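Follow it with the model open.

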Amino acid sequence: MDTVLSGIRSTGNLHLGNYFGAVKNFVRMQHENRCFFFVADYHSLTTHPKPENLQNNIRTVLSEYLAAGLDPEVATLYVQSDVPEIPELYLLLNMNAYVGELERTTTFKEKIRKQPENINAGLLTYPVLMCADIIIHNADKVPVGKDQEQNLEMARKFARRFNHMYGVEYFTMPEPYNFGQELIKVPGLDGTGKMGKSEGNGIYLADEPKVIRKKVMRAVTDEGPKVPNSPMTEPVANLFYLLELLSTPDVVEHFRAQYNGCTIRYGDLKKQLAEDMISFTSPIRDRILEIYNDDEYLRKVVRMGAEKARESASKTVRDVREILGYRSF
Ligand code: ADP
Ligand code: TRP
């Protein structure tokens, strides 16, 4: 059985792209693997969130992942800052991470460009903390988006370096993991490209129905097909893609036939798409709100997660201390 681990950025809400592209797969994978999912709230300190926002962000992320189907009884779901073994391993790994290689990381260079007024050491050593996150549970597979591949490569480099320096075969090399044939790219509603937070075109699981209707009705289309069986322009193909994800096959067929017969009215398609999105998101949204306001449940979830995570993490740190030469008197 593989150990799968993923860190969740503790900023921002889940949109349909995150759901179909990642979270849905986590939900499936938790039954087939030893899974660790955690809220990366130490990483988020690099941008100096206000204390009240930090707490709210963690609560939001936990509520949304739980509502989307992560089962805290099956997977290990925890908050990074609840596991003190992670910063300890991070400190130890920092001694074998070189400033030069950290400065050359693309994500660091990007941060220098984006926040020149706050280039802190936490940003520089971000990949080391990420490495600690991963190898502390000896994860085999790490599902990450493209932007995180270099960080994962560095995690492998640090793990390999540790093994080599101390002549051990202690750490497993974590591999990036994508979900194979199921890999999908959920398009946005603005005509081109994917749905994304920074693209500002997301339909969020927590969006109210009227917000979803408004967003969908504003979706970009074209002037409509002039001759039967025309190829679709990208904005229209994107709408059909979303319809296929969220509606029943007969609905898709109905609008496809209308498109091919040049009788389609995009307004009708959008109305249907909006309602089907709402049917899909509404129960999740209700559950998000319910969990968000249930202190007792959340407390139980994070306590259980921290306990399970610390069991595995403390064993690693104990072994690493021993390998490094720390012995108790
Ligand atoms: P965002 O910043 O837009 O929320 P991230 O880049 O943080 O998205 O991605 C988080 C996860 O969600 C990644 O695994 C990524 O592959 C997935 N994801 C994000 N947007 C999409 C999309 N439009 N289609 C499919 N998967 C997506
Ligand atoms: N850096 C990741 C991101 O921005 C989040 C993260 C932190 C992570 N630690 C991790 C992802 C460990 C995978 C494994 O999305």
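N138 sits in the loop joining helix 7 to strand 4 (141-143). Helices (H or I, at least four residues) and strands (E, at least two) are DSSP runs, numbered from the N terminus. The model is predicted: local features need pLDDT of at least 70, side-chain atom pairs pLDDT 80 or more, while totals for chains, interfaces and linings use all residues. Residues are numbered from 1 along each chain, and side-chain values use heavy atoms, without hydrogens and water.

Most residues other than glycine have a negative phi.

| Residue | Phi | Loop |
|---|---|---|
| N138 | about 50° | helix 7 to strand 4 |

C262 is partly exposed because its relative accessibility is 27%; buried means under 20%, exposed over 50%, partly exposed in between (1.4 Å probe, protein chains only).

Which residues of helix 3 (residues 85-94) are buried? They are E85, I86, L89, Y90, L92 and L93. They lie on the same side of helix 3, because they cover an arc of only 165° around the axis (directions from the axis to the C-beta atoms). Their cover includes strand 3 (76-79), helix 7 (126-135) and helix 13, with contact meaning heavy atoms within 4.5 Å.

The second largest pocket has a volume of about 200 Å³, the space filled by probe spheres set on its points. A pocket is an open set of 1 Å grid points where a 1.4 Å probe fits, with protein on both sides within 12 Å along at least five of seven lines; lining residues have an atom within 4 Å of a point. Its lining includes D41, Q55, R59, D295 and R299. Helix 2 (51-68) and helix 13 (295-324) each supply at least two lining residues.

Terms used. Chains lettered and ligands numbered in written order.
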